[in-house]
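Please walk through this structure from its overall division to single residues.

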Amino acid sequence: MEHIDGGVLTPGDEGYDGARAVWNAMVDRKPRLIVQCASRDDVVAAIRHARENDLEIGVRSGGHSIIGHAVPDDGLMIDLTPLNRVRVDPQRRRAWVQGGALLGELDRASQPHGLATTAGNVSHTGVGGLTLGGGMGWLARQYGLTCDNVISFEVVTADGRTVRADAEENPELYWGLRGGGGNFGVVTEFEFRLHPVAQQTLVADLWFTLDDAAGVLRGWRDLAPTVSRAATLTAWVGEVDGEPRVSAGFVWIGPPEGAGELLAELRSLGTPVAERTSEPSYLELQRMDDDIEGHAYRRYWKGHFLRDLSDAAIEAFILRGSQDGHGKALPYASLQAYGGAIADIPDEATAFSHRDALVEFVAAAKWTDSAEDESRIAAARLFGTSLAPYSSGAYVNALTDEGRTGVQRAYPPEKLARLIPLKNTWDPDNVFHLNHNIPPSGPA
Ligand code: FAD
C-alpha cells in the first residue's frame, strides 16, 4: 500500500482489536486491513487500495452504527478517527469538522463561544454517520436537524477524486448527503452553521405506574402542537428498581424559568411516583446519557417514525410487545418529539424524509450475556412489530437488520427515484455498500 500519513493495522498488530471494536459489542468482525486515516490523501489511498485488491470497504467515524456497518469482515476499514479536528470561527458562526470527529468534540469547540449546532444526545456518537443520516438532537426543533445545518461537504468519491458539495457546487450531491447516509463517498470535512445557544437547560422527567401511564401519555401528546420550540417532549418506558415505569417529560434549552408553565402542565397530567428535574449546562446535557448508552454492551434496536400518536399506539408503547407490560428482559423504549424547525423545511429539500413525524420511537435492547442474544432480539422485534401499524416510516440511523425493506421505509419512492440516479453518478459500482444501501440501478 502506498504511503499513509496515519497508520495501517493488520490482525495481530497492537491496537488492532481496539480499532475494530465498535459501540455494539455484538459486532466482532475482523478486517484484513484497518487504515487509520490522518489526512484526505490517506482516504484516497485507502479507497484505491481496496478497489485494486477487491476488498470490501467499511467507513468508520464514531462507530455507532447500531448494526456495525463500519467494520468489514476480511475487508478494508477506513478508520476516520484520527481525522477529528474541529475549527470554529465565532464571528462567522461556522465550524469545520473533520469526518471522524465525535459530537462531543464539536460541542466542546463551539460552546466556549456561546455557540452550538444540532447534535445528538450522546457525545461519543460520530458526527459522520449521524449527520449523513439526518441528525436529531435537543436543538433540532429550533434550528433543524444536524444535516440541515451543513453548509458544505468535502467528499472523497469512489474513484478517488475530492469534490465539494454545497448549494452551488454539485447541488444534487449536497441534497443526497443530507440524509442519504454513507452511500456517495467519504466525507472528510463538514462545514456547519452555528447558532447562539444558551448554556442553561432544564430536564424534567415524571415517572408513573403502568396503570396511570396511558392517561398521562395522552395528555403529554396533546401538549405537542403548542409546545415551545425550546422544548423537546420525551417519554420513556422501562424498569426502575425492577418495576415497570413510564416517564413523561421534556428537555428545555434556555433559562429554566421559561419552562415553568410547561412543567406545571406536565405535573397536572397525573400523580407521579417520582419526579426528577435537573438544570445541567448545555455541555452536561449533551453528555448526560453517555454512560447509560456506553460501549461494550450487546445491542439491538427497532425504530419507527409516527405521524400521530393514537391511543392505541400509546397502549402498544406501554405494553412493550408483551401481554401486560410485565416480563423478563423486555426492551426499554423512548419517544422523542419532532416538529418545529424540522417540519419547516420542505420535505423535498433534503434526502432525509418524514419531516412530518410527530415522534420518533426507538425500542432498545441492551444486555451482556451472548446466551441471551436470541431472546433479546426477538423481544425487541416483537415490540417493534407491535408499533408497526402506527408507523409512518423509519429513521435510517436507527435501522438495524431490515435490509431493503428498511431502506424503503427510510426513503419514500419519490426520494429513492432521486437517490438511485445520484448513486449511479457517484458510485456506480457500489463501492460504498456497507451501509443502509441505496443500490445503483445499473449492473454493479
Ligand atoms: P459509524 O458506525 O462510524 O458510521 C455509520 C455509517 O455512517 C458508516 O458505516 C458509514 O456508512 C457512514 N459514515 C460515517 N462517517 C462517515 C463519513 N465521514 N463519510 C462517509 N460515510 C460515513 N441519532 C440521532 O440522530 N440522534 C441521536 O441523538 C442519536 N443518539 C444515538 C446514541 C447512541 C448511543 C447511538 C449508538 C446512536 C445514536 N444515534 C442518534 C444514531 C446515530 O446517528 C447512528 O448510529 C450513526 O450511524 C452513528 O454514526 P457514527 O459515525 O458514530 O457511526
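The text below goes from domains to an interface, then to the cores and to individual residues.

This is a predicted model, in which local features need pLDDT of at least 70 and side-chain atom pairs count only at pLDDT 80 or more, while totals for chains, interfaces and linings use all residues. Residues are numbered from 1 along each chain as its sequence is written, and side-chain values use heavy atoms, with hydrogens and water left out.

The chain is assigned domain 1 (7-79), domain 2 (86-196) and domain 3 (201-403); such bounds come from an automatic or database domain assignment. The centres of domain 1 and domain 2, taken over C-alpha atoms, are 22 Å apart. Between these two domains, 12 residues of domain 1 are in contact with 19 residues of domain 2, contact meaning heavy atoms within 4.5 Å. About 1,000 Å² is buried between domain 1 and domain 2, and carbon and sulfur atoms give 63% of it. Buried area here is the accessible area (1.4 Å probe) that two parts lose on being put together, summed over both. On the side of domain 1, Arg40, Ser61 and His64 supply 45% of the area buried against domain 2, more than any other three residues.

The interface of domain 1 and domain 2 also has polar links. Five residue pairs across it are in polar contact, both residues being at pLDDT 80 or more. A polar contact is a pair of N or O atoms within 3.5 Å; within protein, one must be able to donate a hydrogen and the other to accept it, and residues adjacent in sequence count only if both atoms are side-chain atoms. One salt bridge is counted between domain 1 and domain 2, the term requiring a side-chain nitrogen of Lys or Arg within 4 Å of a carboxyl oxygen of Asp or Glu. Arg40 forms a salt bridge with Glu154, with 3.0 Å between the closest N and O atoms.

Next come the nonpolar cores. A nonpolar core is a set of buried Ala, Val, Leu, Ile, Met, Phe, Trp, Tyr and Cys residues joined through side-chain atoms within 4.5 Å. Buried means under 20% relative accessible area, exposed over 50%, and partly exposed in between (1.4 Å probe, protein chains only). The largest core holds 41 residues, of which Leu217, Trp220, Phe250 and Phe361 touch the most other members. Helix α7 (residues 210-223) contributes the largest share of this core, seven residues. Helices are DSSP runs (H or I, at least four residues) and strands are runs of E (at least two), numbered from the N terminus. Apart from this core lies another, of 37 residues, including Ala95, Leu115, Ala165 and Val187.

Is Gln286 buried or exposed? Gln286, in helix α9 (residues 282-287), counts as buried because its relative accessibility is 2%. Its side chain makes a polar contact of 3.0 Å with that of Asp107. Beyond residues up to four places away in sequence, Gln286 touches Asp107, Ala119, Gly120, Asn121, Val122, Ser123 and Trp138.

Arg32 is in the loop between α1 (16-20) and β2 (33-36). With a relative accessible area of 43%, Arg32 is partly exposed. The side chains of Arg32 and Asp74 are joined by a polar contact of 3.1 Å. Leaving aside neighbours within four places in sequence, Arg32 also has Leu9, Thr10, Pro11, Leu55 and Gly75 among its contacts.
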